[in-house]
Amino acid sequence: MAQIPNLDNAPLNLTFLREQSQKELINILKNIRGKKCLVIDQKLSGSLSVIIQTSLLKEHGVELRHLSAEPIQTDAAKVVYLVRSQLNLMKFISSHVNNDISRGLQREYYVYFVPRRAVSCEKILEEEKVHHLLTIGEYPLYIVPLDEDVLSFELDLAYKEYQVDGDTSSLWHIAKAIHKLEFSFGLIPNVRAKGKASVCVAEILNRLQAEEPVNSPDMVVPEINTLILIDREVDMVTPMCSQLTYEGLLDEFLGINNGSVELDASIMGLQQEGKKVKVPLNSSDKLFKEIRDLNFEVVVQILRQKATSMKQDYTEMTTTTQTVSELKDFVKKLNSLPEMTRHINLAQYLSTFTSKPSFLAQLDMEHTMVEAQSYDICFEYIEEMIHKQEPLINVLRLLILFSITNSGLPKKNFDYLRRELLHSYGFEHVGTLNNLEKAGLLKKQESKSNWPTVKRALQLVVEDTDTANPNDISYVFSGYAPLSIRLVQHAVRSGWRPIEEILKLLPGPHSDKKRGRFSSSPSLDTLQGASASMDKVADGRRSLVLVVFVGGVTFAEIAALRYLCSQEAMAYDLIIGTTNIVSGHSLTESFVEKLG
């Protein structure tokens with residue numbers, strides 16, 4: 001399992017949250033006496049890997065298995081399933097139980113739903129005639145701390161389910177997760193939301209508060225001062241651009257999963273042919289923490305400098321006589337060698353992708369689309385990609401960016417590209433194109449695009465971005481400032497009132513509410529407008545803003561938020577909540593309709 005992130009430096013007591021989740025799981029296992037086999041659904045095992053160590057589970061007499069269609073091989077008399085509420089997983093469980101019955105095996109079965117049971121799932125278990133043989137419970141895991149400032153609600157398909165299937169269950173789940181946070185850290189007094197789903201989450205949060213109030217005594221200053229909710233739909237331009245931070249690129253090309261990447265051992269310089277290794281990536285790795293949010297160009301330079309200085313130290317060590325304290329310093333440096341080797345290997349591997357002419361041409365094209373000036377050039381580029389049969393996801397990703405920045409394509413172009421896509425990639429992709437249309441990501445142009453106005457008003461394109469000494473968040477995309485983060489910047493700096501007109505040009509409504517005992521005080525246009533006592537938590541720490549992305553956030557956006565946080569003029573600490581971590585690739589892929 002991936003190394004569990006160190007949460008000691010978190011602006012909120014996330015260690016307490018994690019320990020609570022550990023305790024709840026251990027209690028479930030303790031209550032089932034004797035030897036047992038714990039069967040975990042594959043996706044969940046990733047979430048659990050950043051919460052609890054395998055060794056801790058094994059201490060409680062547990063054998064671990066992954067859930068699949070294959071029958072479970074174990075001699076334990078008790079089988080405990082830990083699963084998300086997904087229909088296909090119920091079929092697996094039913095077939096396991098029926099298989100055991102046909103073989104005359106007598107076992108006790110327990111099914112724990114994460115984070116809550118679902119009627120639709122239990123119906124399937126009834127139809128398969130196994131429901132009466134199962135003891136059913138819940139493991140309320142709503143929040144997984146991925147790092148000291150990032151919380152995930154682990155809802156991989158939230159955006160697609162909401163946009164295409166009209167399934168709003170994830171919105172309840174997000175509100176419930178935030179409400180759970182409030183029980184630990186106090187009622188959040190200010191809530192700003194932008195986008196249909198976000199405004200809906202804010203309303204559900206108020207309903208939950210009415211049903212199950214968080215009572216914070218009048219004396220206590222809530223730990224989280226403001227909640228900012230933003231729909232992914234409000235800014236689909238950002239994830240469709242290639243991320244250029246170190247961590248963002250690692251995700252683009254290698255796919256980071258629950259804080260680690262899995263790759264061939266040979267890439268990491270290990271002599272194990274064909275073997276995969278898991279490389280943990282979180283702030284427990286000091287060097288990674290230092291370079292993760294930098295533009296990749298800069299990372300390569302930093303690693304080169306570190307390696308050179310190490311080499312010099314080594315030469316000095318071997319050619320001169322050292323004092324004990326100098327030796328000690330050198331040994332200290334040597335301790336960081338494994339981390340350095342790890343990142344030099346990773347950076348070297350990434351460079352094989354980033355130096356390709358095709359990647360540089362694609363970056364160029366993305367920039368042209370964000371500038372929204374040369375329509376014909378962009379159209380021809382996509383047309384050529386289709387004719388060359390480049391990977392479908394890459395084509396769709398650029399097409400989405402093209403469609404959004406132009407507020408759709410003229411009917412003639414739209415019909416033409418749609419036809420060409422189906423001819424080139426097969427008619428089974430009709431469903432995928434329909435999904436993208438339903439979500440408004442690919443559409444016919446009906447009105448002039450708002451993008452140029454939004455881009456100008458929020459200064460999204462920044463000329464002469466200095467990636468080495470950034471003075472603006474645009475360094476994460478070498479010249480484009482993520483729209484979503486500009487909105488957060490305004491919300492924190494001077495409130496949304498001054499940019500009200502721009503907000504109206506973006507998808508979905510927005511709301512700004514005060515809650516609890518603060519609801520009667522005059523509305524604050526700005527967070528800063530609050531009395532100084534609200535600005536600083538009692539013990540002098542900066543007060544805290546929780547920024548929640550409904551539908552996913554990219555590593556580049558997280559880097560931009562961390563950059564804002566590090567600025568001297570910033571009066572707040574930021575912590576990020578998200579349905580999941582996404583890239584343009586994974587977002588686009590979630591709309592692909594799998595047939596059969």
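Colleague: How is the expected span of a helix worked out?

Modeller: Multiply 1.5 Å by one less than its number of residues. Helices here are DSSP runs of H or I with at least four residues, numbered from the N terminus. This is a predicted model, where local features need pLDDT of at least 70, side-chain atom pairs count only at pLDDT 80 or more, and totals for chains, interfaces and linings use all residues. Residues are numbered from 1 along each chain as its sequence is written, and side-chain values use heavy atoms, leaving out hydrogens and water. Now take helix H17, residues 392–405: its 14 residues reach 20 Å from first C-alpha to last, close to the 20 Å expected.

Colleague: How many residues of H17 are buried?

Modeller: Buried means under 20% relative accessible area, with a 1.4 Å probe and protein chains only. In H17, 12 of the 14 residues are buried, so the helix is largely enclosed by the rest of the structure. Among them are Leu392, Arg397 and Phe402. After H17 comes Ser407, with a positive phi near 55°.

Colleague: Which residues touch the most other members of the largest nonpolar core?

Modeller: A nonpolar core is a set of buried Ala, Val, Leu, Ile, Met, Phe, Trp, Tyr and Cys residues joined through side-chain atoms within 4.5 Å. The largest one has 132 residues, and Leu82 and Leu487 touch the most other members. Helix H24, residues 555–566, gives this core its largest share, 9 residues. A second, separate core of 37 residues includes Leu12 and Phe153.

Colleague: Is Glu182 buried or exposed?

Modeller: Glu182, in helix H7, is buried, with a relative accessible area of 1%.

How values were computed
Helices (H or I, at least four residues) and strands (E, at least two) are DSSP runs, numbered from the N terminus. Buried means under 20% relative accessible area, exposed over 50%, partly exposed in between (1.4 Å probe, protein chains only).
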